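These are notes for a colleague who is opening the model for the first time. The points can be read in order with the structure alongside.

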Amino acid sequence: MEDKEIYMLFSGLAEDADQDNGPLKEVFRVLIKSTLRYRDTILKKKGVTVTVQDVRSALDWLVPAIKTGRLPATDNRISLDLLKIWLDELKVII
């Protein structure tokens with residue numbers, strides 16, 4: 001997954017918001033930064049590529065995980081690890 005793909009994915013979500021998206025942009029900045037860091041780390045350490053679908057799955061789980069405090073039951077380790085990273089990073093700003 002290229003940097004451009006990650007930025008486009010999150011930027012599209014921010015532009016679709018109907019409200020003041022200043023705080024939303026800050027959340028997306030955190031998500032983008034941590035996604036890029038995770039992508040680079042897992043590629044370097046394990047030779048595994050994070051895909052757009054991995055990020056989309058984690059995004060689908062993000063709000064329910066925040067609301068319920070529970071993680072999804074899944075075998076998708078990449079998306080689940082990414083979700084955990086996001087939740088840890090967002091604790092600071094939410």
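1. Lys91 is exposed, with a relative accessible area of 62%; here exposed means over 50%, buried under 20% and partly exposed in between, using a 1.4 Å probe and protein chains only. Lys91 forms a salt bridge with Asp88, the closest N and O atoms being 3.7 Å apart. A salt bridge is taken as a side-chain nitrogen of Lys or Arg within 4 Å of a carboxyl oxygen of Asp or Glu.

2. This is a predicted model, in which local features need pLDDT of at least 70 and side-chain atom pairs count only at pLDDT 80 or more, while totals for chains, interfaces and linings use all residues. Residues are numbered from 1 along each chain as its sequence is written, and side-chain values use heavy atoms, with hydrogens and water left out.

3. The protein has four helices and zero strands, giving the pattern α-α-α-α along the sequence. Helices (H or I, at least four residues) and strands (E, at least two) are DSSP runs, numbered from the N terminus. Of the 94 residues in the protein, 35% are buried.

4. How many salt bridges does a search of the whole structure find? The search finds five. One of them joins Glu26 to Arg29, with the closest N and O atoms 2.8 Å apart. Both residues lie in helix H2 (residues 22–46), three residues apart, about one turn of the helix. Glu26 is partly exposed at 32% relative accessible area, and Arg29 is also partly exposed, at 41%.

5. Another salt bridge links the side chains of Asp81 and Arg77, at 3.1 Å from N to O. This pair lies in helix H4 (residues 77–90), four residues apart, about one turn of the helix. Arg77 has a relative accessible area of 49% and is therefore partly exposed.

6. Helix H3 covers residues 52–68; its 17 residues should span 24 Å at 1.5 Å a residue, and its end C-alpha atoms are 25 Å apart, which agrees. The expected span is 1.5 Å times one less than the number of residues. H3 has a kink of about 30 degrees at Leu62, shortly before the proline Pro64. The bend at a residue is the angle between axes fitted to the seven residues ending there and the seven starting there. After H3 comes Gly69, with a positive phi near 75 degrees.

7. The 14 residues of H4 should span 20 Å, and the end C-alpha atoms of H4 are 20 Å apart, in agreement. Among the buried residues of H4 are Ile78, Leu83, Trp86 and Leu90. In H3, the buried residues include Asp54, Val55, Trp61 and Leu62.

8. How do H3 and H4 pack? Their axes are 8 Å apart, at an angle of about 50 degrees. Axes are lines fitted to C-alpha atoms, for helices over the stretch in contact, and angles run from 0 to 180 degrees between N-to-C directions. H3 and H4 are therefore oblique to each other, since angles under 35 degrees count as roughly parallel, over 145 as roughly antiparallel, 65 to 115 as roughly perpendicular and the rest as oblique. H3 passes H4 in a right-handed crossing; a crossing is right-handed if the near helix is turned clockwise from the far one by less than a right angle, and left-handed if anticlockwise.

9. Val55 belongs to helix H3 and is buried, with a relative accessible area of 0%. Val55 and Leu83 are 28 residues apart in sequence and 8.7 Å apart in space, C-alpha to C-alpha.
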